[in-house]
Amino acid sequence: MHITDWLPTLYTAAGGDVSQLTGIDGVDMWDAISRDLPSPRTSLLLNIDDSSGYSALRLGRYKYVNGSFLFGNLDTWTENPCTDEDDPRYDTAAVLSSLTADAVASCTAPATRHDLEELRIQATVRCNAPALKPCRPLQQPCVFDVLSDPCERQNLYQKNSDTLKLLEMTMAAYRRTAVKPNNRRSDKFADPKYWNNTWTYWQDLPFPLITKGHGK
């Protein structure tokens, strides 16, 4: 589920006809929530940023990444962020006695400590496989099967493959309706040193204060 799905989902929950909502990216998830049916969403746009030349997409079990940002500093893998010993203790008793747990229990069977622990085990992703086919998104797009390879260690990119064509066609469809990015260059006058070492809304303040004592 994506944040854009809230509009059509809540519209349906309130008794509206979602077909009246045109030109939206959201998908009606009400049946999936209220009747425990599979999610109707099959794709998810992660980003299109033509200013930095970066785009990414999820389509079914596949993830597509093209281009990079932050000068490629994140174009690599990291080890598991922490071990079991490093994890903060998960207080199941506090969770089960929370207001959220009470709200959930009012419409379904209450969860048990075993349920919570089992869910955490199922949700844990561990990266043990070696990086057999590395991703170099500044050279060519990368494709991952995130169901069988959730840590994205094996780049499945193959030029002209059916999977790649479908991913790029889906990306092109999103791009046709994308709003132009409004990224702006950094403003040196945002530096806290000009504002008593405080992050502030510098452009809302009188301009003379910005340059006072610092020249232009």
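Modeller: Let's start with a definition: contact means heavy atoms within 4.5 Å. This model is predicted, so local features need pLDDT of at least 70 and side-chain atom pairs count only at pLDDT 80 or more, while totals for chains, interfaces and linings use all residues. Residues are numbered from 1 along each chain as its sequence is written, and side-chain values use heavy atoms, leaving out hydrogens and water.

Biologist: Good. Which residues does lysine 63 touch, not counting residues up to four places away in sequence?

Modeller: The list for lysine 63 is Leu46, Leu57, Arg58, Cys142, Val143, Phe144, Val146 and Glu152.

Biologist: And why is lysine 63 called buried?

Modeller: Buried means under 20% relative accessible area, exposed means over 50%, and partly exposed lies in between (1.4 Å probe, protein chains only). Lysine 63 has a relative accessible area of 17%, so it counts as buried.

Biologist: What makes the pair of lysine 63 and glutamate 152 a polar contact?

Modeller: A polar contact is a pair of N or O atoms within 3.5 Å; within protein, one must be able to donate a hydrogen and the other to accept it, and residues adjacent in sequence count only if both atoms are side-chain atoms. The side chains of lysine 63 and glutamate 152 make such a contact at 3.0 Å, which is within the 3.5 Å limit.

Biologist: Where does lysine 63 lie?

Modeller: Lysine 63 lies in strand β3, residues 62-66. Strands (E, at least two residues) and helices (H or I, at least four) are DSSP runs, numbered from the N terminus. The protein has seven helices and four strands, and along the sequence they follow the pattern α-α-β-β-β-α-α-α-β-α-α.

Biologist: How do the four strands come together in the sheet?

Modeller: They form an open sheet with the order β1-β2-β3-β4 and antiparallel pairing. β1 (43-49) and β4 (142-145) are the edge strands, as each pairs on one side only. From one strand to the next, the twist averages 10°.

Biologist: How do you know that β3 and β4 pair?

Modeller: Two strands pair if DSSP finds at least two bridges between them. β3 and β4 have four bridges in the antiparallel sense, so they qualify. Across this pairing, valine 65 stands opposite cysteine 142, and tyrosine 64 stands opposite valine 143.

Biologist: How many bridges do β2 and β3 have?

Modeller: β2 and β3 have five bridges, again antiparallel. Serine 55 has asparagine 66 in β3 as its bridge partner. Their hairpin has two residues between the strands, and glycine 60 takes a positive phi near 60° there. For β1 and β2 there are six antiparallel bridges, and in that hairpin, with four residues between the strands, glycine 53 has a positive phi near 75°.

Biologist: Why is asparagine 66 called partly exposed?

Modeller: Asparagine 66 has a relative accessible area of 26%, which falls between the limits for buried and exposed, so it is partly exposed. Asparagine 66 touches Gly53, Tyr54, Ser55, Pro137 and Pro141, not counting residues up to four places away in sequence. A polar contact of 3.4 Å also joins its side chain to that of tyrosine 64.

Biologist: What packs on the sheet?

Modeller: Helix α6 (residues 162-176) does, touching β1, β2 (54-59), β3 and β4; its direction makes about 115° with that of β2. Axes here are lines fitted to C-alpha atoms, for helices over the stretch in contact, and angles run from 0 to 180 degrees between N-to-C directions.

Biologist: What makes the buried residues of α6 line one face?

Modeller: The buried residues are Leu164, Leu167, Thr170, Met171 and Tyr174. Seen down the axis of α6, they fall within an arc of 130° (taken from the directions from the helix axis to the C-beta atoms), so they line one face. The face turned away from that side carries the exposed residues Asp162, Met169 and Arg176.

Biologist: Last one: why does glutamine 203 count as exposed?

Modeller: Glutamine 203 has 55% relative accessibility, which is over the 50% limit, so it counts as exposed. Glutamine 203 lies in the loop between α6 and α7 (207-211).
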